[in-house]
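Hi,

Here is the structure I said I would pass on. Have a look at it first, and my notes follow below.

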Amino acid sequence: MTAEAAGVFRRTAIERSDQRISWERTDQAFFAAGACHILAWVCRESHPDRPIEIAGVRMAGDWQVFHVYALWEGWAFDHSGWNPEPQLMAANTNFEGRPLERITIAEGLAQFCATHHSRMPDQYWRDPVPRAREYVSRYTPPWT
């Protein structure tokens, strides 16, 4: 799969206001917009033998992250599977039409959610962690 911009799957107003409707989107849409941070942390937890980092994308100069992904030796994992990080950044930059910047996210999931107004797993319509584990398992990591 080729890297695809997260913004392609941005939630509609009804998807933002109704967790059940948001949940019922395709896996790719769900993990591109609304649960990307859950997918990133699950990816890292799924490969404890690898030094997987968590990274975020934001508009240049902004503080708010709009997309989160897992990162291993230049390879990014998000809703598009594993892709070279420059391809992921290019796809998002082209879609957004403005400069973006990547940041490293050093805090844990709970602190990230509190800082960036994101949901913890227990705040979704259903627990997204099993869904994320299954999604991660569909993709062969680049080290294999």
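Let me start with one histidine: His37 has 4% relative accessibility, so it counts as buried (under 20% relative accessible area; over 50% is exposed and anything in between partly exposed, with a 1.4 Å probe and protein chains only). Before going further, some housekeeping: this is a predicted model, where local features need pLDDT of at least 70 and side-chain atom pairs count only at pLDDT 80 or more, while totals for chains, interfaces and linings use all residues. Residues are numbered from 1 along each chain as its sequence is written, and side-chain values use heavy atoms, with hydrogens and water left out.

Back to His37, which sits in helix H4. Helices (H or I, at least four residues) and strands (E, at least two) are DSSP runs, numbered from the N terminus. Leaving aside residues up to four places away in sequence, His37 touches Val68, Leu109, Phe112, Cys113, Ser118, Arg119 and Tyr124; contact here means heavy atoms within 4.5 Å. Arg102 is 65 residues from His37 along the chain, and their C-alpha atoms are separated by 14 Å.

Now for the helix packing. Two packed helices are described by the angle between their axes and the distance between the axes. Helix H4 (residues 36-46) packs with helix H6 (residues 109-116) at an angle of about 165°, and their axes are 11 Å apart. That makes H4 roughly antiparallel to H6. For the terms: axes are lines fitted to C-alpha atoms, for helices over the stretch in contact, and angles run from 0 to 180 degrees between N-to-C directions. Angles under 35 degrees count as roughly parallel, over 145 as roughly antiparallel, 65 to 115 as roughly perpendicular and the rest as oblique.

Ala, Val, Leu, Ile, Met, Phe, Trp, Tyr, Cys and Pro count as nonpolar, Asp, Glu, Lys and Arg as charged, and the others, Gly among them, as polar.

H4 has another helix partner. The axes of H4 and helix H7 (residues 128-137) come within 9 Å and cross at roughly 60°, again in a right-handed crossing. On the H4 side the contact involves Ile38, Leu39, Val42, Cys43 and Ser46, which meet Pro128, Val129, Ala132, Arg133, Tyr135 and Val136 in H7. The contact of H4 with H7 has nine nonpolar, one polar and one charged residues by class.

Then there is the sheet. It is an open sheet of five strands in the order E4-E3-E2-E1-E5, with antiparallel pairing; two strands pair if DSSP finds at least two bridges between them. E4 and strand E5 (100-104) are the edge strands, each pairing on one side only. On average, neighbouring strands of this sheet are turned by 35° against each other, direction ignored. H4 packs on the sheet as well, touching strand E1 (53-59), strand E2 (65-72), E3 and E4, and its direction makes about 15° with that of E2. Helix H5 (residues 85-96) also packs on the sheet, where it touches E1, E2, E3, E4 and E5; the direction of H5 makes about 135° with that of E5.

Which strands does a two-residue hairpin join? The answer is E3 and E4. Strand E3 (residues 75-78) and strand E4 (residues 81-84) run antiparallel and are joined by four bridges. Phe77 stands opposite Trp82 in E4, and Trp75 stands opposite Pro84 in E4.

Finally, a few loop residues. Most residues other than glycine have a negative phi, and most peptide bonds are trans. Glu73, in the loop between E2 and E3, has a positive phi of about 45° although it is not a glycine. Glu73 counts as exposed, at 63% relative accessibility. His117, in the loop between H6 and H7, has a positive phi of about 55° and is exposed too, with a relative accessible area of 65%. His47, by contrast, is buried at 14% relative accessible area and lies in the loop between H4 and E1. Not counting residues up to four places away in sequence, His47 touches Ile52, Val136, Pro141 and Trp143.

Cheers

Key:
Left-handed = near helix turned anticlockwise from the far one by under 90°.
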